[in-house]
Amino acid sequence: MKAIRNSKGFTLIELLVVVAIIGILAAIAIPQFALYRARGFTSRAASDAHNSSVGQEAIVADGKAYVGCSDSGCNHPALPGFRISDGVTLVMTGGTVASYTGDSSHSNGCPLGSAGKVHIDSAAGGVVATSYPTC
C-alpha cells in the first residue's frame, strides 16, 4: 500500500504547539483583564463621588446647607441630578454650609481599604478626590 505524502492539513505537533501558545497568552491576559475590570469599577465609584459633590454644590448654590446621605438616599432629590451607580457604596456627611466629606467605593473595585476608597473633602480641595485609588 502506498503512503500518502501530499496530504493537506496540520500535524499533531503543530496543533499542540498552537494550543500551547494560546494557553500561555490566556494565562497572561486573564489576570490583566481582571485588573482592568477592577479599575473600571473603582473609576465608577470615583465618578459617583465627583457627581455627588456637584449635587452638594448645587444645594449650597440654592442657599441651603450641605446634606448628609448614604447610598440610594443620595439620589435625586436629596442631591439634585444625581443617581448612584449599581454596586457603589457612597456616604456623604454634611449638615453645615461650610464643608462636606464623602467616601465612595465599589463592591467589585480595587481591594477595599485606603487603595479602594475615593475620599472627597470640600475643605481640602473641593470636588477632587484627595488621592485617586490605584490597584
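Predicted model: local features only at pLDDT ≥ 70, side-chain atom pairs only at ≥ 80, totals over all residues.

Biologist: Which residues of β2 make up its covered face, and which its uncovered one?
Modeller: In a regular strand, side chains alternate between the two faces of the sheet. In β2 the covered face holds Val 88, Leu 90 and Met 92. The uncovered face of β2 is made of Thr 89, Val 91 and Thr 93.

Biologist: What separates the C-alpha atoms of Leu 90 and Ser 104?
Modeller: Leu 90 belongs to β2, and six bridges join β2 to β3 in an antiparallel arrangement. One of the pairs there is Met 92 with its bridge partner Gly 102 in β3. As for Leu 90 and Ser 104, they are 14 residues apart along the chain, yet the separation of their C-alpha atoms is 4.5 Å.

Biologist: What is the order of the four strands in the open sheet?
Modeller: Two bridges join β1 to β2, with Ser 70 and Val 91 as bridge partners. Strand β3, residues 101-106, pairs with β4 over four bridges, including the one between Ser 104 and Val 118. The pairing is antiparallel, and the order is β1-β2-β3-β4.

Biologist: Which are the edge strands?
Modeller: An edge strand here pairs on one side only. That describes the strand at residues 69-70 and the one at 118-121, namely β1 and β4.

Biologist: Which cysteines form a disulfide, and is it right-handed or left-handed?
Modeller: A disulfide is a covalent bond between the sulfur atoms of two cysteines. The count comes to one disulfide, formed by Cys 69 and Cys 74 with their sulfur atoms 2.1 Å apart. Both Cys 69 and Cys 74 are buried. The torsion about their S-S bond is about 105°, so the disulfide of Cys 69 and Cys 74 is right-handed.

Biologist: Now the helix: is Val 17 buried, partly exposed or exposed?
Modeller: Val 17 sits in helix α1, which covers residues 12-61.

Biologist: How much accessible area do Ile 13, Val 17, Ile 21 and Leu 25 have together?
Modeller: Ile 13, Val 17, Ile 21 and Leu 25 form a nonpolar patch on the surface. Together, their accessible area is about 390 Å².

Biologist: Stepping back to the whole chain, in what order do its elements run from the N terminus on?
Modeller: The secondary structure comes to one helix and four strands. From the N terminus on, the elements run α-β-β-β-β.

Biologist: Lastly, what percentage of the residues of the chain count as buried?
Modeller: The accessible surface of the chain comes to about 8700 Å², with 63% of it belonging to carbon and sulfur atoms. Of the 135 residues of the chain, the part that counts as buried is 26%.

Note on methods: Residues numbered from 1 in each chain as written. Heavy atoms only, no water. Pairing = 2+ DSSP bridges. Disulfide = S-S within 2.5 Å. Buried < 20%, exposed > 50% of the residue type's maximum accessible area, 1.4 Å probe, protein only. Patch = residues over 30% accessible without salt bridge, like charges linked within 9 Å, V, L, I, M, F, W, Y side chains within 5 Å. Areas by Shrake-Rupley, 256 points an atom, 1.4 Å probe, with all protein chains shown as cover. Salt bridge = Lys/Arg side-chain N within 4 Å of Asp/Glu carboxyl O.
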